[in-house]
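Please keep the structure in view while reading.

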Amino acid sequence: MKDREKIISRKLLLGILAAVCVVVAACAVGKAALDPYGNRIVSDVTVAGLDVGGMTRSEARKALQSTANRLAQEDMVIRLPQEELRLTPEGTVGKLSVREAVKAAFACGRDSTQEERDLGLLPFLQLDQEVIRSALQDYADQYDVEFSDWHYELEGKKPALTETDFDETAPCQTLLLTLGTPEQKLDVEAVLAQVLDAYDRGCLVVEVEIPEAQTLPEAPDLETLYREVCTEPVDASLDLQTYTRLDGVYGYDFDLEEAKALTEEAEYGETVAIPLRTQAPEILGDDVYFRDVLGAYNSGHSNRP
């Protein structure tokens, strides 16, 4: 009796399992029949530019895996004006969730909340934005320059120029002329946005172009500078009332044409070294007596008969 009951129970259980399988299969068939896309991703769906439309989820995962591997192995290259900045994946990029990206792609066209068919990677990519921002800020700290006009300074001690104190072996000063600089500034947040957009598209090269400065510094006014710094030589002279000799004074100047050539070749912010020099007056020492005394000589004789 007990054996018969066991057989009946076993047949009943098998019958229930068979019924469940039929129901599950029917549901699957019914669900597939209700999916007009044949359980595949809707056409025209892309992930980071990769066309996954028409693929099954398994096919899409395999196709996206190469992108995930590249992001995990290659550096992000940011080409800046003065150097190339590289961000290693170890320091910035975590794992790309391929499964979540494919899940979102599969929902496109099916889920009313997922109408966008061109998907980026950022929502599925673990990315340390603060590390990227910090790297860009370090570059900006070295790159950024405030606007400045040209300026100059005199290096060294000015030699004595009076005739009695003049020493021809004494060194002259050097005029250090620094050209002005236009404002130069890296917009860290704007560049960060470019980098994030590149990651979103699966691109690992960013070309950064910085707009040219709107205000440029004026060129040095060398004519005015010459008049400000330089002095003309003064001849020795004679006071005809007291017959006292007045010492001559050496001139002090620089080669104006050479200075113009140097500044025209210089870059913004560059400092140009312009040597000063002394210029001897035409009349020095006792030569003054021959000029002034002879020039002032009056004859005591009259032409009258």
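Is Glu 189 buried, exposed or partly exposed? Glu 189 counts as partly exposed, at 43% relative accessibility; buried means under 20% relative accessible area, exposed over 50%, and partly exposed in between (1.4 Å probe, protein chains only).

## Basis of the model

This is a predicted model, in which local features need pLDDT of at least 70, side-chain atom pairs count only at pLDDT 80 or more, and totals for chains, interfaces and linings use all residues. Residues are numbered from 1 along each chain as its sequence is written, and side-chain values use heavy atoms, with hydrogens and water left out.

## Salt bridges

The structure holds 14 salt bridges, each defined as a side-chain nitrogen of Lys or Arg within 4 Å of a carboxyl oxygen of Asp or Glu. One of them joins Arg 133 and Glu 189, at 2.8 Å from N to O. This pair links distant parts of the chain, with Arg 133 in helix α5 (residues 129-143) and Glu 189 in helix α6 (residues 188-200), 56 residues apart. Helices (H or I, at least four residues) and strands (E, at least two) are DSSP runs, numbered from the N terminus. Arg 133 is partly exposed, with a relative accessible area of 21%.

A salt bridge also connects Asp 253 with Arg 277, their closest N and O atoms lying 3.0 Å apart. Asp 253 belongs to strand β13 (residues 251-253) and Arg 277 to strand β15 (residues 277-279). Asp 253 is buried at 8%, whereas Arg 277 is partly exposed at 34%.

## Disulfides

The structure holds 0 disulfides, a disulfide being a pair of cysteine sulfur atoms within 2.5 Å. Cys 230 is buried, with a relative accessible area of 11%.
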